[in-house]
Amino acid sequence: MKQFTVLILLCFWMSNIYAQKTISAFATNEKILIDGQINESDWGKAQTIQDFTQFKPQPGVASTQQTQVKIMYDKSALYVSAICFDKAEHISNVLCERDDFNANIDNFQIILDTYNDDQNGFSFGVSSMGVQFDSKVSAQGESVELNMVWSSAVKRTENGWEVEMRIPYSAFRFPKVDVQNWGVNFYRQISRNREETTWSPIKPDLDNWLVQCGVATDIKDIEPPLRLAFMPYLSAYADHYPSNIAGQSNWLASFNGGMDIKLGLNEAFTLDMTLVPDFGQVVFDNKVLNLSPFEIQFNENRQFFTEGTELFNKSGLFYSRRIGIQSPYSVLSTNLADNEYLTNTPSSSKLFNASKLSGRTKKGLGIGVFNGITAEQESTAVNSLTGLERQIISSPLTNYNVVVLDQNLKNNSSITLTNTNVMREGIFYDANVTGLNTKLNTTDNKYFVAGRTTLSNKFFSSNTSTGYNYGLATGKQTGNFIFQGSYFEESNTYDPNDLGFNYNNNKRVAEASLSYRIFKPFWKLNQFSSTLGYSYNRLYKPNVYTSTYVNWNSFMLLKKFHASGIRMNASVTDSYDYFEPRTENMYFIRPKWLTMGAWFSSNYQKKFALDLGADYTFVTREGWKDYSFNVSPRFRLSDKMFLVYEFEQGYSINSQGYAVAFGEPLIASNTIVFGSRNLINTTNTLNFRYTITNRMGITFRMRHYRSVLSYNSFFDLNIDGTLTPNTLDGLDVNGESVYNTNFNAFTIDLVYRWVFLPGSEINIVWKNSIFSDDTYISQTYFKNLSSMFDYSPLNSFSIKVLYWLDYQSLKRKKEVIKE
């Protein structure tokens, strides 16, 4: 009987822990000065909430420190105050960049779900050193690229630290109704304990925080304001490149001006436009030597294409770098004749303008519309037989469009329709892709069914190429034990790469995975997870077997907050690779392999931390082996200075693959040539950050990547996928292969940033780059580094001033002057 009573009490306690909480917002007419001192009289009238609950490291346990929160509102803004109790000597003094809250930062945040749709929210936060954080929160996670203008202040006291926030209604969206009831949660991180706590408890096995919000009630008589902001900019560049041409200056200067505009069309929809944008200060890509048959996907670093694009990216059909940076080869090669290849292709084409409209209706229908126009781009075509050169249009005047319709359904479910369309001037083909995605969850969000299908079309002058894919997945997604099974099929003619990114098509994939997770501390661990996966693969056309893989990985977070993991991947059988030969209906038999790896990451809370990792691949073909390792020490030199060094070394010895030299295939006797090769990749990266104040900082990044490719022997690929040695050697008079490649990529990004007013900033940037390709593979690392500087470096110096003009702020200033 006693055990039964205890069980009843435990169930009652758990139900109360996860019951939805409420807070009443207080309407104020008092002028609230945002100074970190919670001393206005109306703060004393507002409801106080506390009782925060951990979700890390001990889910469901009360926070180790008390937090008291109040919220108020007036006609123009939401006000938040928080008292974060703690001993003064324990509060973090670490400064960081905006939106870079890490394990060393004490911070407080408010999460808003103003439409109560569990899909689209906003987060605003402040660190104990006054650094701001804001993000767009969705069911898929959060996007920190959102940068809004709002006010905050922090004050240290003998009891801890206090924060005040004023968030104008122009910084987020909410419905136009008489009484507002918003989903809300409050979050606090106590860095020294690696503790993360919330007012409304968060279940660690359910990723969507918005589903687990409490409610802010009694918000009355407010209206969504006119959201209008102008962000004009001016920039100046001075680029230095030694041309070594008589009479030609090594310097090139340019001046630019343009504007971004943000306009709220109504309470739910926002139009963003960029006119004559300038992306010259964007950091360099991490370029590598690519020997694979697939294109490399790089990160998008242009702010206009990273901020507010969650809706456009939901279906995975929008790869924004296609706009002005990374045109597919099928476009670039349109005007090439036989035996010609491209050179002197500009790294980007001019973007005339771009605009995006996004928002969500009261019934939960999200609508997104994007449009961008890029200028014509020219390249040099070189005949590989005669050496003759000619100028061609490699990318024409192009119009890019994306339309998304995303309907919220019950239980955090949704259905999404996405269409991308590319129209090009002249003889170049046009393209259109339409995708339908859905995910349906059970009432408790424990189980799900997801489906997707996509249709691609490429419109040439004489014909149309059509392709498709479809997939279905189902499984259990919450709890300690989760599982998933899926099937995916993609035709050999499916191609979304005119405005999307797809490594390869022509596949049928059946997958299954099982995972077990422990979120509460036990033994010497804080968390543990282990996942076992299986993948069976075939081609779509011809419908033939290609491979079977199994994988296992585990994750462990120790009590002292060191983390580690072990992984194993293996091919169960020989694999039949139909992509490596780059020729239809040909394949290469890859031997069975087994990869074992491990990694370790020490507690980032310490002034010195260390990341380590290593992998070794056993290959069932004599002499073939792959292995790699990485070392990354991290130094917190002071509360303002942070240094990270990363070293990576990868070896592929006697590996076999399609023979490539300087980006071009090797051809002998009209056969497909493969090579046995050694490949050594070395990457050194140095990151340094000096945060001068909570609005000013310097970042420095230097990266050197070297790839040494040396061929041992060459083979002809047979129709049965095996290799036969051939007589090609390609040796020069010194006995070294002329096909050997020594590739270097050296880049520096140095940025000084000063946010002199909210939303307004000055950026001063120095960029340096050297890219080299030669055959000097026998040089030592440091000899190679010295020789690399013999190549002409590009140095770019620039300054850019961005000024934020907000209609509501100007209106308030005008009202104050009248008073």
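This is a predicted model: local features need pLDDT of at least 70, side-chain atom pairs count only at pLDDT 80 or more; totals for chains, interfaces and linings use all residues.
Pro 57 sits in the loop between β3 (53–56) and β4 (67–73), where strands (E, at least two residues) and helices (H or I, at least four) are DSSP runs numbered from the N terminus. Residues are numbered from 1 along each chain as its sequence is written, and side-chain values use heavy atoms, with hydrogens and water left out.

**Backbone spots to look at**

- A cis peptide bond also joins Lys 541 to Pro 542, here with omega near -5°.
- Pro 542 belongs to the loop between β30 (525–538) and β31 (545–558).
- Most residues other than glycine have a negative phi, and most peptide bonds are trans.
- Asp 51 has a positive phi, near 55°, although the residue is not glycine.
- You will find Asp 51 in the loop between β2 (26–27) and β3, and its relative accessibility of 59% makes it exposed. (Exposed means over 50% relative accessible area, buried under 20%, and partly exposed in between, with a 1.4 Å probe and protein chains only.)
- Arg 582 is another non-glycine residue with a positive phi, near 60°.
- The loop between β33 (575–577) and β34 (588–590) holds Arg 582, which is partly exposed at 32% relative accessible area.

**Salt bridges**

- Side chains of opposite charge can pair when their charged atoms come close.
- The model has 25 salt bridges, each being a side-chain nitrogen of Lys or Arg within 4 Å of a carboxyl oxygen of Asp or Glu.
- One of them joins Arg 192 and Asp 86, at 2.6 Å from N to O.
- Arg 192 comes from the loop between β12 (179–190) and β13 (195–198) and Asp 86 from the loop between β5 (77–85) and β6 (107–113), so this pair ties together parts 106 residues apart in sequence.
- Within that pair, Arg 192 is partly exposed at 27% relative accessible area, while Asp 86 is buried at 5%.
- Asp 285 and Arg 321 form a salt bridge with their closest N and O atoms 2.8 Å apart.
- Asp 495 pairs with Lys 458 in a salt bridge, the closest N and O atoms being 2.8 Å apart.
- Asp 495 is in the loop between β28 (481–490) and β29 (507–518) and Lys 458 in strand β26 (residues 447–459), so the pair connects parts 37 residues apart in sequence.
- Asp 495 counts as buried because its relative accessibility is 19%, and Lys 458 is buried at 9%.
- A network of salt bridges links Asp 117, Lys 314, Arg 360 and Asp 406.

**Cysteines**

- There are zero disulfides in the structure, a disulfide being a pair of cysteine sulfur atoms within 2.5 Å.
- Cys 84 is in no disulfide, and the nearest cysteine sulfur, that of Cys 96, is 15 Å away.
- Cys 84 is buried, at 0% relative accessible area.
- Cys 96 is likewise buried, at 1%.

**A nonpolar surface patch**

- Val 369, Val 403, Leu 405, Leu 409, Ile 415, Leu 417, Leu 436, Leu 440, Val 449 and Leu 472 make up a nonpolar surface patch, with about 750 Å² of accessible area together.
- Patch residues have over 30% relative accessible area and no salt bridge; nonpolar side chains (Val, Leu, Ile, Met, Phe, Trp, Tyr) are joined within 5 Å, and like charges within 9 Å.
- Accessible areas come from the Shrake-Rupley method with a 1.4 Å probe, and for residues only the protein chains shown count as cover.
- At least two patch residues come from each of β23 (398–409), β24 (413–424) and β25 (430–441).
- β23 gives the largest share, three residues.
- Leu 405 lies in strand β23 and is partly exposed at 35% relative accessibility.

**Helix α5**

- In helix α5 (residues 781–788), the buried residues are Asn 784, Leu 785, Ser 787 and Met 788.
- These residues lie on the same side of α5, because they cover an arc of only 165° around the axis, taken from the directions from the helix axis to the C-beta atoms.
- The buried residues of α5 pack against β43 (696–717), β45 (741–757) and β46 (760–774), with contact meaning heavy atoms within 4.5 Å.
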